[in-house]
Amino acid sequence: PAGRHAELLDDLNPAQREAVTHAGAPLLVVAGAGSGKTRVLTRRIAYLLAERDAHPGQILAITFTNKAAAEMRDRVSELVGRRANAMWVSTFHSMCVRIMRREAKTLGMSSSFSVYDADDTKRLITLVARDLDLDPKRYPARTLAVHISNLKNELQSADDAAAAATNDLERRVAEVYAEYQRRLKLANAFDFDDLIMRTVELLQVFPETAEHYRRRFRHVLVDEYQDTNHAQYTLVRELVGTEVTESGVEPAELCVVGDADQSIYAFRGATIRNIEEFERDFTDARTIMLEQNYRSTQTILSAANAVISRNPNRRDKRLWTDAGDGEKIVGYVADNEHDEAAFVAGEIDALADSGAIHYSDVAVFYRTNNQSRVFEEIFIRLGLPYRVVGGVRFYERREVRDMLAYLRVLANPEDTVSLRRILNVPKRGIGDRAEAVVATHAERQRISFAAALRAASAGEVPLLNPRSQRAISGFVELLDGLTGLVDEGREVADVLEEILDRTGYRQELEDSDDPQDASRVDNLTELVTVAREFTEAAVQAAEAGPADEGLPQPGSLPAFLERVALVADADSIPSPDEEGGADAGVVTLMTVHTAKGLEYPVVFCTGWEDGVFPHLRALSDPKELAEERRLAYVAITRARQRLYVSRALMRTAWGQPMTNPESRFLDEIPADLLDWRRAAPKQSGSPRAATTWGRRSSFGADSAQAGIAERGMRTTSFKGWKDTVALKLEVGDRVSHDKYGLGTVVAADGTGPRATATIDFGASGKVKLMLIGSVPMVKL
Ligand code: ATP
Ligand code: MG
């Protein structure tokens, strides 16, 4: 249709155009990588405003990447200017925080609630399990946390879990779950899963509230739909509604886009069931497929198709492109991880020197965060500008978490986890025993820990020795003083400075000889800077126009904490505009999970080894293997023009060198698409550890690189190594492992370099699945 803004449709293909202009019934766009799903979503928003007279405030878009969010905002600003602020573009979690800030009271919580991340959650579960006298060896907090999280993702309450429990573990989980929820409520906190689950509860139990949001959001759009879990799916359904309400509010328009082959969050409960549920719950739903890929060359696409087609039970869809074959995929077999990193760095340098690319065109992917270190070392050495996305994040550092805990207690005095974290940090004479006495008092009186602490400071808690009581009074006074600063409206950075001074935290670090403590001081300075910038940004935003409803006061302490709590890995990905221009930008390093939805002209996929990628855990589990293969598909399809795939013959893990066989995914890429810059040595499969190391230098790695490799070699041990390479294990065999000690083989699977065994190391209490060829282990 030739509307007022025809240019919005000009550069779309017919199927995309149909998705953009479709009105009415719920719309599902399922299509492979790079087929323009995100573009459709962005364009649809623009179209709604331009051609269908929607107001920005009626639009709720759920995206995972900052880049997509920024693009949507830009497009909308172009069309409607500042009014774009009224549109909600966010992740599921930040959307729920926004809703809950308004509605928490309805659920008996206060709007100053804290958001508990994985670490806080684990701490609280540890406390709960301890109070329930659970043996931490049998019921580790991490296991309990995973089970509870899974239940929440399925919208199962503690009561549901108790009713459905059939074994001891499930009964314990239900018990912990119930108590954990009670403590969360006392602490006025939501964990990440609660944010979703309780928002669903809110909408289901309070129809007026549901209707309020349904009136407001007339258009709901969801990107990366394949990665939603059941709770998130239900949330979307409740927001949109499936029928007209009593007071006549029609269901909102819904548009979701996704690709079942890119579902990589099954471990968080994401399920392609959601695609089926969509077609079932929304009976009149429309489905549109997109088949043309605009991102990659045919070579890259063919590789991706070949790999993903090995997965069972998938709807086959063939993507095509008219971009031409392009360059072949470059393969490289490195001696070890240092050699691999040197190759990547050298290649990036050469491409950049030739003027073919900017650094910002390049992404380096690995399976797990710990693999980034080797790349960083060589990049620093060569002066190659880079940025790591994710990894040990700033906000996860101990000193930063300590300071945030202080701030959280000031914002939400009931926050037990934070309160107990800072109780004796820095040391102020409130020992474990005193803490236990206060905790017991809280339990007995059924009051919060914070209330018990105040009682203690007032001398109302028996069994507390006078010294502890004085220390607690001092602490409570300290908090009261700091709370006064917040109440006066002092900015967050100032409050932080005061905390650092008044607690003596900074002084303690400055007095220390430990070089680590010096870098802690730097991190704290950085945190203060973050807070300053935050306030400045808020001031500017206030000048630009009024804040949206449901948000904490811009620049306020709650707003700051919310920002910090919801910083996603993807948030720090530089957008191309920021990085481009005259400046050549930086190379981006990240895990494949983080790369979802992004694209780069040049992509390096590293560590393609069985046991690394696919992950060791997946080798004996077909479901996990299928998920790893989808991850490989995501990795390959991020590349636009050039793709590199590399692996290392040896890699140090757990402080031990391991020989890793080639990733099966590498094997699945058709040979004619690959150009081996350096192939595997001929006698592959035979004992080769020592010789490989011996030949390292003959491959021309530069001398700085050889230096790193040599240092690595001196620190690693080859004890018993050669024996392990040819190791053949059967059920019942006894083995000795360098780290875990004596063990018995309980299962064995596969042959040759891919053979795995499950080994019960009775003494250390561990049962482990291992890739036999790669572990420092001998058969007895
Ligand atoms: P993914 O599954 O990886 O999230 P996607 O389906 O969301 O991919 P997009 O990121 O929207 O795909 O699009 C991939 C690339 O193709 C982008 O650079 C986009 O601008 C471009 N593109 C999409 N549709 C068209 C089109 N009709 N004409 C030209 N370029 C297009
Ligand atoms: Mg996309």
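Tutor: A definition first: helices (H or I, at least four residues) and strands (E, at least two) are DSSP runs, numbered from the N terminus. The model is a predicted one.

Student: OK. Where does P614 lie, then?

Tutor: P614 is in the loop that runs between β13 (600-605) and α28 (622-636).

Student: And the peptide bond from F613 to P614, is that cis or trans?

Tutor: The bond from F613 to P614 is cis, and its omega is near 5°. The bond from V425 to P426 is also cis, with omega near -5°.

Student: Where is P426 found?

Tutor: P426 belongs to the loop between α18 (416-422) and α19 (432-445).

Student: While we're on backbone angles, is the phi of E224 positive or negative?

Tutor: Positive, about 50°, although E224 is not a glycine. E224 sits in the loop between β6 and α12 (230-240).

Student: β6 is a strand. What is the strand order in the open sheet?

Tutor: The order is β3-β2-β6-β7-β1-β8, which makes six strands, and the pairing is parallel.

Student: Which strands stand at the edges?

Tutor: β3 (88-90) and β8 (286-290) do. Each has a single partner strand, so one side of each has no neighbour in the sheet.

Student: How many degrees does the twist average from one strand to the next?

Tutor: It averages 10°.

Student: What holds strands of a sheet together in general?

Tutor: Strands of a sheet pair through backbone hydrogen bonds, in a parallel or an antiparallel way.

Student: Back to this one. How many bridges join β1 to β7?

Tutor: Four bridges join β1 (residues 27-31) to β7 (residues 253-258), and the two strands run parallel. To take one of the residues, V29 has V257 in β7 as its bridge partner.

Student: Which helix packs on the sheet there?

Tutor: Helix α3 (residues 37-51) packs on the sheet and touches β1, β2 (59-62), β6 (219-222), β7 and β8. The direction of α3 makes about 160° with that of β7.

Student: New topic: ligand 1. How many residues surround it, and which are closest?

Tutor: There are 19 residues around ligand 1, and the closest are G36, K37, T38, R39 and Y294. Helix α3 gives the largest share of that shell, three residues.

Student: And what is the shell around ligand 1 like by class?

Tutor: The shell has nine polar, six charged and four nonpolar residues.

Student: Now helix pairs. At what angle do α5 and α10 pack?

Tutor: Helix α5 (residues 92-103) and helix α10 (residues 192-205) pack at about 55°, and their axes are 9 Å apart. The two helices are therefore oblique to each other.

Student: Is that crossing left-handed or right-handed?

Tutor: α5 passes α10 in a left-handed crossing. F92, H93, C96, V97, I99, M100 and E103 of α5 meet F192, L195, I196, T199 and L202 of α10. By class, the contact of α5 with α10 has nine nonpolar, two polar and one charged residue.

Student: And which way does α15 pass α16, left-handed or right-handed?

Tutor: That crossing is right-handed. The axes of α15 (residues 337-353) and α16 (residues 372-382) come within 9 Å and cross at roughly 45°. α15 and α16 are therefore oblique to each other too. On the α15 side the contact is made by E337, H338, A341, A342, V344, A345 and D349, and on the α16 side by V374, F375, I378, F379 and L382. That contact has nine nonpolar, one polar and two charged residues.

Student: Last pair: at what angle do α7 and α9 pack?

Tutor: Helix α7 (residues 141-153) and helix α9 (residues 168-186) pack at about 75°, with axes 10 Å apart.

Student: Why is α7 called roughly perpendicular to α9?

Tutor: Angles of 65 to 115 degrees count as roughly perpendicular. The angle between α7 and α9 is about 75°, which makes α7 roughly perpendicular to α9.

Student: Which residues make that contact?

Tutor: From α7 come L144, H147, I148 and L151, and from α9 come V173, V176, Y177 and Y180. Seven residues of the contact of α7 with α9 are nonpolar, one is polar and none is charged.

Key: Residues numbered from 1 in each chain as written. Chains lettered and ligands numbered in written order. Predicted model: local features only at pLDDT ≥ 70, side-chain atom pairs only at ≥ 80, totals over all residues. Axes fitted to C-alpha atoms, helices over the stretch in contact; angles between N-to-C directions. Parallel < 35°, antiparallel > 145°, perpendicular 65-115°, else oblique. Left-handed = near helix turned anticlockwise from the far one by under 90°. Contact = placed C-beta atoms within 7 Å. Nonpolar A, V, L, I, M, F, W, Y, C, P; charged D, E, K, R; others polar. Pairing = 2+ DSSP bridges. Near = placed C-beta within 6 Å.
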